[in-house]
Each structure stands twice: as C-alpha cells, then as structure tokens.
Amino acid sequence: QMQLVESGGGLVQPGGSLRLSCAASGFTFSNYVMAWYRQAPGKQRELVATISTVGSTNYADSVKERFTISRDNSKNTVYLQMNSLKPEDTAVYYCNCRRGPVASWGQGTQVTVSS
C-alpha cells in the first residue's frame, strides 16, 4: 500500500531553519507529483509547495524564497528545506503524493516556531 512518513519537525526559534523529510513506499515514486501542505489550528489545510515528476516547483507566496522543495527519486524521498522561519509557519506539515485520481497523505509532523 502507498505510505508516506514525515519526519524532521520540531521546535525552532524565529529565523531558524528546519528540513522536513517524507519517505515514500508502496508506489513508483518517480511517477508522482509530490507536495507539502500545512494546517495550523483552526485553519484549513493549505498548499505550501509542489514538485513535479521532472523537478519543476511551485510555492505559496507566503513561503517563496524561504522554503525549497526537492526530491531524491533514488531514495523515494521528498524534502522541504525551511529557512528564515516565522511564527506564522507554525503548523502540522503533511506530505502528499498524487497521480491523476490516486493520492495519499502522510500523518504529518509538527513544526513550531517560537522563541
């Protein structure tokens, strides 16, 4: 079965950095668009970044020039490098994969940005 497992979340100070990882299994990773979403308490889940099968990326305006999504197809892993973190980035971050009607979600990893 398709499975996504996020890791790398934690508590960081404003201005700090964190790298999230999402390990994928149960499907042909290289054929899927990968994405990171986040959900803060009381808010809807929002798209943070996507990366296509050929490496093209898109970012939410709120994270442009601060976050970088990447993928390593040899390791079946997608990453989210988060720099210059702000308290507003605090949320549960979820990994997502999609190919046409097929999609899966990870369980999420908590990112808290606070001094």
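C22 and C95 form a disulfide, with their sulfur atoms 2.1 Å apart; a disulfide here is a pair of cysteine sulfur atoms within 2.5 Å. The pair bridges distant parts of the chain, 73 residues apart: C22 lies in strand 3 (residues 18-25) and C95 in strand 9 (residues 91-99). Strands are DSSP runs (E, at least two residues), numbered from the N terminus. The angle about the S-S bond is -85°, and the link of C22 and C95 is left-handed. The count comes to 1 disulfide.

Both C22 and C95 are buried. Buried means under 20% relative accessible area, with exposed over 50% and partly exposed in between (1.4 Å probe, protein chains only). C97 is buried as well, with a relative accessible area of 0%. The closest cysteine sulfur to that of C97 is in C95, 6.9 Å away, so the two are too far apart for a bond.

## Basis of the model

This is a predicted model: local features need pLDDT of at least 70, side-chain atom pairs count only at pLDDT 80 or more, and totals for chains, interfaces and linings use all residues. Residues are numbered from 1 along each chain as its sequence is written, and side-chain values use heavy atoms, leaving out hydrogens and water.

## R38 and its surroundings

R38 lies in strand 4 (residues 33-39). R38 is buried, with a relative accessible area of 5%. Its side chain makes a polar contact of 2.8 Å with that of E46. A second polar contact, of 3.4 Å, joins the side chains of R38 and S62. Such a contact is a pair of N or O atoms within 3.5 Å; within protein, one must be able to donate a hydrogen and the other to accept it, and residues adjacent in sequence count only if both atoms are side-chain atoms.

Beyond its neighbours within four places in sequence, R38 is in contact (heavy atoms within 4.5 Å) with residues including R45, V48, F67, D89 and Y93.

## Rings and a charge

R45 lies over the face of Y94, 3.7 Å from the ring centre. The charged end of R45 also sits over the ring of W105, 4.6 Å from its centre. The rule requires NZ of Lys or CZ of Arg within 6 Å of the ring centre and within 35 degrees of the ring normal.

There are 3 aromatic pairs. The ring centres of F27 and F29 are 6.4 Å apart and their planes meet at 40°, so this pair is tilted. Rings of Phe, Tyr and Trp (its six-membered ring) pair if their centres lie within 6.5 Å; planes under 30 degrees apart count as stacked, over 60 as edge-to-face and the rest as tilted. Both F27 and F29 are buried. Ring pairs link F27, F29 and Y32 into a cluster.

How values were computed: Helix = DSSP H or I, 4+ residues; strand = E, 2+ residues; numbered from the N terminus.
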